[in-house]
Amino acid sequence: TDYVDLWVKDPIHHHVNTMCSTLTLHEVFIDRFAELDEILKRRLTAVIEQWAPGLDIIAVRMVKPTIPEAIQDKFSRANDLTSKLKTINERQHVELAAVEKERSLAVMAAEKDSAVAQMAADARVLKTTEKVALENVSNTMHVARSKERADAYAYGRMKEAEVNRLRLTPEFLAMRAQQEYLKGMDMYLGSHVPTTFAMRSDSGGDGKGGGGEVENPALLTQGMRQVRPGLQQDQEG
């Protein structure tokens with residue numbers, strides 16, 4: 001029909017000539033041949049949508065151009081090599097993807113192990129910190145109690161010193177000296193008290209304590225306690 005020639009066949013020749021004028025034979029025959037169908041469809045669709053609404057281009061399929069046999073053989077070999085190269089590239093891409101996946105898994109496992117180790121280390125640090133904090137509190141309490149005891153002891157000693165300073169007057173000390181002096185005496189009272197009488201504080205030569213008059217007081221040895229008359233202490237015997 002007329003509209004097919006007008007909107008399909010004639011524009012196809014025009015667009016094919018345009019593409020071939022901008023591309024090399026190698027690109028048309030090998031490199032970009034797979035893209036030419038889609039390029040031609042987009043260009044035809046753009047023209048039809050503007051000038052013939054309602055007409056749709058469903059699909060476009062192109063065949064390779066006819067070229068001299070020598071060149072075609074050369075391009076065929078090149079096409080085969082290109083196909084093999086694409087196959088190799090695809091295989092390498094798959095292998096690289098597998099290696100990248102393994103590397104990603106290894107990195108994830110390492111990160112997981114590192115996170116677990118970090119958590120364990122943080123737990124140990126937290127436990128150690130809490131232990132140190134408890135020890136610090138205990139030491140602080142011990143120091144405070146020791147200081148309180150030392151302060152209480154010092155305060156008690158200070159008060160005791162103040163009390164002793166108030167109590168130990170010269171009169172009190174003199175009285176205590178007389179009391180201690182009298183504690184070491186044995187006093188005897190009677191109608192026949194000699195001028196001087198002495199008694200040994202330790203055992204005599206025969207193992208028995210003895211006493212009596214002493215004619216010469218100068219013979220009194222160390223350990224005797226002198227008894228003076230006139231002291232009032234009652235003792236029968």
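Predicted model: local features only at pLDDT ≥ 70, side-chain atom pairs only at ≥ 80, totals over all residues.
Biologist: Why is P11 called buried?

Modeller: P11 has 12% relative accessibility. The cut-off for buried is under 20%, so P11 counts as buried.

Biologist: What makes H15 a buried residue as well?

Modeller: The relative accessible area of H15 is 11%. That value is also under 20%, so the label is buried.

Biologist: Where do P11 and H15 sit, and which residue of that helix is buried along with them?

Modeller: P11 is in helix α1, and H15 is in helix α1 too. The buried residues of α1 are P11, H15 and M19.

Biologist: Against which helix do these buried residues pack?

Modeller: They pack against α3, which covers residues 33-51. Leaving out residues up to four places away in sequence, H15 touches L40, R43, L44 and V47. Counted in the same way, M19 touches L36, I39, L40 and R43. P11 touches D5, L6 and L44 on that count. Contact here requires heavy atoms within 4.5 Å.

Biologist: How far apart are P11 and I48 in sequence and in space?

Modeller: They are 37 residues apart in sequence, and their C-alpha atoms are 9.8 Å apart.

Biologist: What span does α1 have, and what span is expected?

Modeller: Helix α1 runs over residues 2-22, which makes 21 residues. From first C-alpha to last it reaches 30 Å, close to the expected 30 Å at 1.5 Å a residue.

Biologist: Where is the kink in α1 centred?

Modeller: On P11, with an angle of about 30°. The bend is taken between axes fitted to the seven residues ending at a residue and the seven starting there.

Biologist: Which residues make up the largest nonpolar core?

Modeller: That core has twelve residues, among them M19, L23, V28, F33 and L36. I39, L40, L44, I48, A52, I57 and V60 are also in this core. Helix α3 gives the most to this core, with six residues.

Biologist: What makes such a set a nonpolar core?

Modeller: Its members must be buried residues of the listed nonpolar types, joined through side-chain atoms within 4.5 Å. In soluble globular proteins, nonpolar side chains tend to be buried together.

Biologist: How many salt bridges are there?

Modeller: The count comes to six salt bridges. One of them joins the side chains of E35 and R32.

Biologist: Why is the pair E35 and R32 called a salt bridge?

Modeller: The N to O distance is 3.1 Å. The limit is within 4 Å, so the pair qualifies.

Biologist: What makes E35 and R32 partly exposed?

Modeller: E35 has 40% relative accessibility, and R32 has 32%.

Biologist: Why does the pair E180 and R176 qualify as a salt bridge?

Modeller: The closest N and O atoms are 3.7 Å apart. E180 is partly exposed at 43%, and R176 is partly exposed at 36%.

Definitions and conventions:
Residues numbered from 1 in each chain as written. Heavy atoms only, no water. Buried < 20%, exposed > 50% of the residue type's maximum accessible area, 1.4 Å probe, protein only. Helix = DSSP H or I, 4+ residues; strand = E, 2+ residues; numbered from the N terminus. Expected span 1.5 Å × (residues − 1).
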